[in-house]
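Please look over the sequence and the structure below before reading on. The paragraphs after them go through the structure part by part.

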Amino acid sequence: MVNAGDMNGSGNLMDFLDEPFPDVGTYEDFHTIDWLREKSRDTDRHRKITSKSKESIWEFIKSLLDAWSGWVVMLLIGLLAGTLAGVIDLAVDWMTDLKEGVCLSAFWYSHEQCCWTSNETTFDDRDKCPQWQKWSELLVSQSEGASAYILNYFLYIMWALCFAFLAVSLVRVFAPYACGSGIPEIKTILSGFIIRGYLGKWTLLIKTVTLVLVVSSGLSLGKEGPLVHVACCCGNFFSSLFSKYSKNEGKRREVLSAAAAAGVSVAFGAPIGGVLFSLEEVSYYFPLKTLWRSFFAALVAAFTLRSINPFGNSRLVLFYVEYHTPWYMAELFPFILLGVFGGLWGTLFIRCNIAWCRRRKTTRLGKYPVLEVIVITAITAIIAYPNPYTRRSTSELISELFNDCGALESSQLCDYINDPNMTRPVDDIPDRPAGPGVYTAMWQLALALVFKIVITIFTFGMKIPSGLFIPSMAVGAMAGRMVGIGVEQLAYHHHDWIIFRNWCRPGADCVTPGLYAMVGAAACLGGVTRMTVSLVVIMFELTGGLEYIVPLMAAAVTSKWVADAFGKEGIYEAHIHLNGYPFLDVKDEFTHRTLATDVMRPRRGEAPLSVLTQDSMTVEDVETLIKETDYNGFPVVVSKDSERLIGFAQRRELILAI
């Protein structure tokens, strides 16, 4: 707002508005909407349409179209969000593999697709086929040896830097709002705050393109949070096509709540989890009608993604797993321990990340966003390449950690010593002693865990799209898999101990390390975001593990309790406060011990309050009041003598009315 000194010299009241001639009833940027007024305007509009519909057939058809417009918007959001998610998944797959090599038969194929089409692939070397060549094979015709390794290493780093530089430049030049995860801002917008341009067309386009680039660059971030922002941009775009939503900010927020559900639905292939996520985590006002529409939008989005089939396995997600053994009561103890780890990691992450982001805001570091991204990408690529668990994409890593060791697995994590006399069905492989590959994998996982914990703190919050779900799950999955292998080996070597004796006979398949990875992933994600119900539903939809709801619930609740003991804020609330957005959390409890007299104004010796009176004011008086003060609104009272409050008038509305 212009201050009072400048206002006195100006004759025209319209100079005090941000926009030249806005509609009456619209809001300025960084202002909060009036929920009650939006609700009453919608009621009036609805009453008018209903009364008109009885006048003619055409008006009746118009009233039907108005009633159906909400479902049409949901259908369009679901279709566009599902399509964009499918395209992003396919592009990320190809560009991640491009850092390591290229497919000669068709350069747009990823490594997996390239070897699918090959006739010369053997089962043991399923990742090797003549059509797929690493960069060293293509450039110097060598696949092994120090020179080939160094060349591949160098090109891996160069591709990563190229992707990251392109992403941060696009965000900086075309859409500054496309950075970050987007969920803190969407929570703020859904609570009634206006941030113009945050859900615009440019933001949608740039966020979609840069999301592919940053995930492919190998940085420690995910695409799940930003997909919620992308879906909300779709929701904002389609709601602007219908006057019912474009002219009513309250109704628009109902559409955005449903769009957030569609975003999580395609991010995790979890339609019900998406609806619950929108309800529990991001929405502020969530009437029953919005619940049904969210459900429909999430369904359409998931169906669209399933039709595109980006992973080629007819699943909506990369980490679908099927375990063949039940869990036992004694295993609840390590599950709860993983919950404690998740809560502690969540607390550590939030405190360190907020401290680093505050430092970025208050020091010269914030003036060089491009340099910061380049440096973090270079460090990530240099440290990640030597370790096979950090070199691959985080989604593939989680997928491998969740997997159960079947007879067909070629992973190092499944390098157990087999009993040559074993004749059993393929699914039910008994617990076996760990081989050298498992011990190597444990060391590599421990190093990868430390690296992920540290690098994610510095990566989240940079000026690029960055989600937090996947890195948090990766940290938990690595810790969980290591605990799982430990428990499995303990049960194998000490099956006569009292805790194992009841349920773990020699030659039985007792412990599933992949399940521990899944529980650990849920615990760490819960520790960072403080989700509970939606988290458990997302996890079992994600993995198809319905009978493991109790372990997941135990870990999620434990991680929330432990994290809440150190501070009630999740990462999104912490970022909202860091950015200074006016967000009142519905879940917050306020304990005021203040009396009204302690805060009442004016005190003795202070100037009287700037108020409007019910009857005695002229237009000139109102103009003078607006020019001499810079308040956003004024209380309306009965008279100067009886200052009984009867209403409140916003400054903007007064100017427009005059």
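Helix α19 is mostly covered, with 20 of its 25 residues buried. Buried here means under 20% relative accessible area, exposed means over 50%, and partly exposed is what lies in between, using a 1.4 Å probe and protein chains only. Helices (H or I, at least four residues) and strands (E, at least two) are DSSP runs, numbered from the N terminus. From its first C-alpha to its last, α19 reaches 36 Å, close to the 36 Å expected at 1.5 Å a residue. The expected span of a helix is 1.5 Å times one less than its number of residues.

This is a predicted model, in which local features need pLDDT of at least 70 and side-chain atom pairs count only at pLDDT 80 or more, while totals for chains, interfaces and linings use all residues. Residues are numbered from 1 along each chain as its sequence is written, and side-chain values use heavy atoms, with hydrogens and water left out.

The chain is assigned three domains: domain 1 (50-306), domain 2 (327-419 + 443-577) and domain 3 (594-655). Such bounds come from an automatic or database domain assignment. Between the C-alpha centres of domain 1 and domain 3 there are 48 Å.

Next comes the nonpolar interior. A nonpolar core is a set of buried Ala, Val, Leu, Ile, Met, Phe, Trp, Tyr and Cys residues joined through side-chain atoms within 4.5 Å. The largest one has 159 residues, and Phe268, Phe277, Phe402, Ile464, Met473 and Met539 are those with the most contacts inside it. Domain 1 (50-306) and domain 2 (327-419 + 443-577) each supply at least three residues to this core. A second, separate core has nine residues, among them Val622, Phe634, Val636 and Ala649.

Which residues does Phe402 touch, leaving aside its neighbours within four places in sequence? Its contacts (heavy atoms within 4.5 Å) include Phe319, Tyr323, Met473, Arg481, Met518 and Met539. Ile183 has a relative accessible area of 0%, so it counts as buried. Beyond its neighbours within four places in sequence, Ile183 is in contact with Gly225, Val228, Phe277, Val282, Phe469 and Tyr572.

Leu299, found in helix α13 (residues 288-308), has a relative accessible area of 48% and is therefore partly exposed. Along the sequence Leu299 and Ala267 are 32 residues apart, and in space their C-alpha atoms are 13 Å apart.

Helix α22 is another mostly covered element: ten of its eleven residues are buried. Among these are Leu535, Val537, Met539, Phe540 and Glu541. The buried residues of α22 pack against α11 (249-268), α12 (271-282), α17 (394-402), α19 (469-493), α21 and α23. Just after α22 comes Gly544, which takes a positive phi of about 70°.

Helix α23 has 18 residues, which at 1.5 Å a residue should span 26 Å; its end C-alpha atoms are 26 Å apart, so the two values agree. Its buried residues include Pro551, Leu552, Thr558, Val562 and Asp564, and they pack against α14 (332-362), α21 (513-529) and α22 (533-543). Is Asp564, at 16% relative accessibility, buried or exposed? Asp564 counts as buried, because 16% falls under 20%. The side chain of Asp564 makes a polar contact with the side chain of Arg530 at 3.0 Å. A polar contact is a pair of N or O atoms within 3.5 Å; within protein, one must be able to donate a hydrogen and the other to accept it, and residues adjacent in sequence count only if both atoms are side-chain atoms.

Three strands form an open sheet in the order β3-β4-β5, with mixed pairing. Its edge strands are β3 and β5, each pairing on one side only. Two strands pair if DSSP finds at least two bridges between them. Strand β3 (residues 612-613) and β4 run parallel, over two bridges: Leu612 has Val636 as its bridge partner, and Thr613 stands opposite Val637. β4 and strand β5 (residues 645-650) pair in the antiparallel sense over five bridges, and Gly633 is partnered there by Gln650.
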